Amino acid sequence: MTFGIIILLILATFLLGGIAGLFVSVLLYPKWEIQKVKRHMKKEGIGYGEWKHVSKFVDHHTKVIVKPNCETLYSLAFIHKKDGPYKLTMPAFDTYFSFAFLDENTNVQGYFTNTDTIENKESSFLIYYDENEILDKSQACIILDSRLCWIIGRFGVGSLEDIPEVNKIQEAIRLVKLNH
């Protein structure tokens, strides 16, 4: 009987340890993935407030984007709270685009799409960490609540022939620190 109880206690310990480990890994997985992307960009010499443009289509083997669209090009950037507010400027683009702003747990804090812009006009969007910092209340803006923000830009591409034109748009995106 005692031997059976010991075995049950050992099994219960392994089971609880496994459940705890699974719980922790589920909570920490997004942070691990973001840190991995950030480290990779740093190795490439890409710092905070700078874009990493993916200039060709990605597939299911790409791990940076969880569920990539096969007809979409991506641009990635990280910004840090301590660097203050930013202005994101998007050149005129007559097809679908969006920017998602994710915190360090990949929770979406906001987004900016072509539906928020005037068609075929350059548009800009202000990014703040504190509502009291807002300099221009007439302009579209987002308030972030995390110290780190991962920005993922998505750009719809109609055909393979359109890729070079979309690459030019990607290169023209600006992410500028505002004076504060």
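Ring pairs link Trp51, Phe97, Phe99, Phe112 and Phe155 into a cluster, where rings of Phe, Tyr and Trp (its six-membered ring) pair if their centres lie within 6.5 Å, planes under 30 degrees apart counting as stacked, over 60 as edge-to-face and the rest as tilted.

Colleague: Before we go on, what kind of model is this?

Modeller: This is a predicted model, in which local features need pLDDT of at least 70 and side-chain atom pairs count only at pLDDT 80 or more, while totals for chains, interfaces and linings use all residues. Residues are numbered from 1 along each chain as its sequence is written, and side-chain values use heavy atoms, with hydrogens and water left out.

Colleague: How many aromatic pairs does a search of the whole structure find?

Modeller: The search finds 6 aromatic pairs. In one of them, Phe78 and Trp150 are stacked, at 5.8 Å centre to centre with 10° between the planes. Phe78 belongs to strand S2 and Trp150 to strand S8, so this pair ties together parts that are 72 residues apart in sequence; strands (E, at least two residues) and helices (H or I, at least four) are DSSP runs, numbered from the N terminus.

Colleague: And how are the rings of Phe97 and Phe112 arranged?

Modeller: Their centres are 6.0 Å apart and their planes stand at 70°, so the pair is edge-to-face. Phe97 is buried, with a relative accessible area of 1%, and Phe112 is also counted as buried, at 0%, where buried means under 20% relative accessible area, exposed over 50% and partly exposed in between (1.4 Å probe, protein chains only).

Colleague: Switching to H2, which of its residues are buried?

Modeller: In helix H2 (residues 163-172), the buried residues are Ile163, Val166, Asn167, Ile169 and Gln170. They cover an arc of only 160° around the axis, which puts them on the same side of H2, the arc being that of the directions from the helix axis to the C-beta atoms. The face turned away from that buried side carries the exposed residues Lys168 and Glu171.

Colleague: Last one: where is Asp103, and which backbone nitrogens lie by its side chain?

Modeller: Asp103 is found in the loop between strand S4 (97-102) and strand S5 (108-113), and at 11% relative accessibility Asp103 counts as buried. A polar atom of the Asp103 side chain lies 2.8 Å from the backbone nitrogen of Asn105, and the backbone nitrogen of Asn107 lies 2.9 Å from a polar atom of that side chain.

How values were computed. Polar contact = N/O pair within 3.5 Å; in protein donor to acceptor, adjacent residues only side chain to side chain.
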